[in-house]
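User: Hi! I am new to reading protein structures and would like to go through one with you. Could you show me how to read its features step by step?

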Amino acid sequence: MLRRMKLENFRSWRELDIELAPMTVLFGANNSGKSNILSALLLLKQSQPHPEPINLGGDRQDYVDFGSYSDLVHQRDPLEKVTVSISWDSIEVTDNDSADHLDFGVRWGLRATEVIVEKIQYADNQSHLDISLRDGSYTSGTRSNPDKNIVRLDKFYKFDYPDFSMHPTSTLYAFKDWYILNFEKLMESISYLGPLRANPNRTYIWRNVSPREIDAVGESTMQAIMASIREDTNHIEDASPAESLIGQVTRGLKMMGLVEGISFRMIGETVFMPEVQVNKEGEYIALTDVGFGISQVLPIITLLYFAEPGSILLLEQPELHLHPHAQSVLADLMLEVAEKRNLQLIVESHSEHLLRRLQRRIAEADYAFATPENVRAYFCKSTTDGSQIEQVKVNHYGEIENWPDGFFGDLSADIEAIMRAGIDKRKQELADG
């Protein structure tokens, strides 16, 4: 699980330092910097398999497209350095149980017209390794070796030693390999769904392939569900309809009041049609013939139960096209998978209903997992010096102790204004007889 994230000169953020929880929700007005927090993680993820020092995006398989370094750096200042730092729980078991969390930082800069990695920082709670790629020096623990030929960059997070002084059996060498394995597994565990999901098709071709992930626009959702159905059918003696992927998705949609049932009807041997039952005793009709909100939330719910336990889900505006009750239920489903499936959710949202449901669950004694420690909310705002962030402090009674200026358009002031206006209007009506 990600524990902390720091940014320097990243897009709208001159500086950011945020603690993350099993469920972290980012609120704020448009262009307040919320999405940039998710984008920083996606930049690491899409750069990890890339051969260049940074992958600014632009290809179809990329998650974000930053254009150029000037578009990435704060206030488009090419002289500034961009830094992204993260802390997370160790994924791989080691011989030393005390190495339970890791830190990583990368700093990019512009040399002439080329983006380079200037510095990499690795650390666990016992040791650290700082590498300056500008001069090739590194610092390990308290030892420094300013040999300009000591390290060679393989990828933006990965390096090697070209000299013979760093023997493969050395402690530092072993630390490096174990660390890199952890970083790669962390990047693989991140899944992302953007704010606009793909429109559904009337029919799909079954390709006998189960997708490895739900893609950023949810196009692979139908294939993932169909693969799950086929697997349950092939292992019918082990299948539990309520716990299957289609069962969990159906349950979520029913709780939201969107459908009574969902099925995938085969048309021939290779074509299938997603259908939903909107009302009890009603007929199943094509997904394309019902409200748009169902198709938009379907990838969200599917991802919550499709992602491997321990995954990190980045979700942008999952509440889009949902009515208030469905938004509230979505908050419950997120809490459920965070607790029972060990998923971490980092959610960018405009939904007051989602926040209110989280407050309620924190206040209710029956929801032991819903605590201020496990559920964090932040409010982002735009200033002349870039984006700023403030934690929305929710106590154990579900009450917000600090109400940031402009938060949800100052709902408390609106409620008070409605009450005062109603009283004034009644007084005037009584006066008028």
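User: How many strands does the open sheet have, and in what order do they stand?

Analyst: Before the answer, some ground rules. This is a predicted model, where local features need pLDDT of at least 70, side-chain atom pairs count only at pLDDT 80 or more, and totals for chains, interfaces and linings use all residues. Residues are numbered from 1 along each chain as its sequence is written, and side-chain values use heavy atoms, with hydrogens and water left out.
Now the general idea. Helices (H or I, at least four residues) and strands (E, at least two) are DSSP runs, numbered from the N terminus. Two strands pair if DSSP finds at least two bridges between them. In this structure, an open sheet of six strands has the order 12-17-18-3-19-20, and its pairing is mixed.

User: Which strands stand at the edges of that sheet?

Analyst: Strand 12 and strand 20 (386-392) do; each has a single partner strand, so one side of each is left without a neighbour in the sheet. Neighbouring strands of this sheet are turned by 20° against each other on average, direction ignored. For such angles, axes are lines fitted to C-alpha atoms, for helices over the stretch in contact, and angles run from 0 to 180 degrees between N-to-C directions.

User: How many bridges join strand 17 to strand 18?

Analyst: Five bridges join strand 17 (residues 312-316) to strand 18 (residues 344-348), and the two run parallel. You can find Glu 316 opposite Glu 348 in strand 18. As a general idea, side chains in a regular strand alternate between the two faces of the sheet.

User: Do strand 10 and strand 11 pair in the parallel or the antiparallel sense?

Analyst: Strand 10 (residues 152-155) pairs with strand 11 in the antiparallel sense, over three bridges. A hairpin joins strand 10 to strand 11 through two residues. Look for Leu 153, which stands opposite Phe 159 in strand 11.

User: Next, salt bridges. How many salt bridges does the count come to?

Analyst: The general idea is that side chains of opposite charge can pair when their charged atoms come close. The rule asks for a side-chain nitrogen of Lys or Arg within 4 Å of a carboxyl oxygen of Asp or Glu. By this rule the count comes to 19 salt bridges.
One of them joins Arg 107 and Glu 118, whose closest N and O atoms are 3.4 Å apart. Arg 107 lies in strand 5 (residues 101-111) and Glu 118 in strand 6 (residues 114-124), so this pair ties together parts 11 residues apart in sequence.

User: Which parts of the chain does the salt bridge of Lys 158 and Glu 184 link?

Analyst: The closest N and O atoms of Lys 158 and Glu 184 are 4.0 Å apart. This pair links distant parts of the chain: Lys 158 is in strand 11 (residues 158-160) and Glu 184 in helix 3, 26 residues apart. Lys 158 counts as partly exposed at 25% relative accessibility, whereas Glu 184 is buried at 18%.

User: Which residues do salt bridges with shared partners join into one network?

Analyst: Start from Arg 357 and Asp 332, a salt bridge with its closest N and O atoms 2.6 Å apart. Arg 357 is in helix 8 (residues 352-363) and Asp 332 in helix 7 (residues 324-340), distant parts of the chain 25 residues apart. Both Arg 357 and Asp 332 are buried. Salt bridges that share partners join Asp 332, Arg 357, Arg 360, Arg 361 and Glu 364 into one network.

User: What is phi like at Arg 11 and Ala 112?

Analyst: Arg 11 has a positive phi of about 50° although it is not a glycine. Arg 11 sits in the loop between strand 1 (2-10) and strand 2 (13-19). Ala 112, also not a glycine, has a positive phi near 60°. Its place is the loop between strand 5 and strand 6, and at 70% relative accessibility Ala 112 counts as exposed.

Methods. Buried < 20%, exposed > 50% of the residue type's maximum accessible area, 1.4 Å probe, protein only.
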